[in-house]
Amino acid sequence: MTAKPKVWVARPLFPDVLARLAEHVEVDAEAVERRHTADELRRKLAGVDAAVVGLADRIDEAVLEGHTRLKVVANLGVGFNNLDLDALTRHGILASNTPDVLTESVADFAWALMLAAARRVGASERWLRAGQWPGSHMRFDDWLGLDVHGRTLGILGMGRIGQGIARRAAGFDMNVLYHNRSRLPEMVERECKATLVDKAELLRRSDFLVLVLPFTPENRHAIGAPELARMKPSAVLVNVARGGIVDDAALAAALREGRLGAAGLDVFEGEPQVHPELLMLDNVVLCPHIASASEETRRAMANLAVDNVLAALGFGEMAGKPPTALNPAVLTHR
Ligand code: 8YV
């Protein structure tokens, strides 16, 4: 009898999803959440046929060198800037991500950040919890925020998630502008009620600017000091894409000096570290990269990663056809 393929699961996953994997393969699963060093990654990946990894796991030439056994790396996320896709492809290793299943949850969460930042939900809650309400003689004009309804929403990066955010704006009677590498088909623009503008106009006109760009070298600091200077001083910036797309030091300075109204951030440069100046500010809502973290969505992401692994290893109904492969051509060369 031939030995079962071996799969390393680098992040703790739902037990029932692991059980589904274990029906076909030998599973080596992490019990606690932790970061792996390049050395650990190299050693772990050398001894398995497949791996399920997270965004903190950088899979590049340095950790793949000399491996002959590894056939598939399934990333738990739609963004895959932690994977060197060229290196994986060179080694004939299939890579996959988790698109679509998280679109609506991330779009919901962008709205949570927009509303919370504009209406000062975090700061006022901290004030209440600190026991400052009783006896404060709260004034009629305390805790004033920015109305969301009727404003202009700008979306930078109009992929699936950007479109989901735009569709929700109809309920808030907003004017939606977007900027993207390419124009959306007219039908989609109509559905989203969104108008394409150039980046300068997007910065200038947006009351709310939501970032949903992939993190590529060109998009590093897509929002830095020069871009922030072009925005309205009352504007609210929301980032549910990747840290590094925003220059966090420049953002903190703009927020501190009243050159930007507020921000809602789910991602940070160098996370899990957060720029210390952001931590000091009350006009920013800070969340620990949880936009996709609903029960249903995280389960769907885990299941999709497992579907890709099983299919790439030749199991199940999708054998040989991993549903969300990033470099499917490697399969034809095997
Ligand atoms: C993470 C994300 O994958 O999908 C992405 O690109 O950034 C998130 O959904 C999730 O936080 C798990 O680390």
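Q: In which sense do strand β4 and β5 pair, and over how many bridges?

A: Strands of a sheet pair through backbone hydrogen bonds, either parallel or antiparallel. Here β4 (residues 72–75) and β5 pair in the parallel sense, over three bridges. Strands pair if DSSP finds at least two bridges between them; strands (E, at least two residues) and helices (H or I, at least four) are DSSP runs, numbered from the N terminus. Within this pair, Ala74 stands opposite Ser96 in β5.

One caveat: this is a predicted model, where local features need pLDDT of at least 70, side-chain atom pairs count only at pLDDT 80 or more, and totals for chains, interfaces and linings use all residues. Residues are numbered from 1 along each chain as its sequence is written.

Q: What is the strand order of the open sheet?

A: The five strands run β2-β1-β3-β4-β5, with parallel pairing. At the edges sit β2 (26–29) and β5 (94–96), each pairing on one side only. From one strand to the next, the twist averages 15°.

Q: Which strands does helix α13 lie across?

A: Angles run from 0 to 180 degrees between N-to-C directions, with axes fitted to C-alpha atoms, for helices over the stretch in contact (C-beta atoms, placed from the backbone, within 7 Å). Helix α13 (residues 295–312) lies across β1, β3 (50–53), β4 and β5, at about 170° to β4. Helix α1 (residues 15–22) lies across β1 (6–9) and β2, at about 145° to β2.

Q: How many residues of domain 1 are in contact with domain 2?

A: Five residues of domain 1 contact six of domain 2. The bounds, from an automatic or database domain assignment, are 6–101 + 295–332 for domain 1 and 103–286 for domain 2.

Conventions: Two residues are in contact if their C-beta atoms, placed from the backbone, lie within 7 Å.
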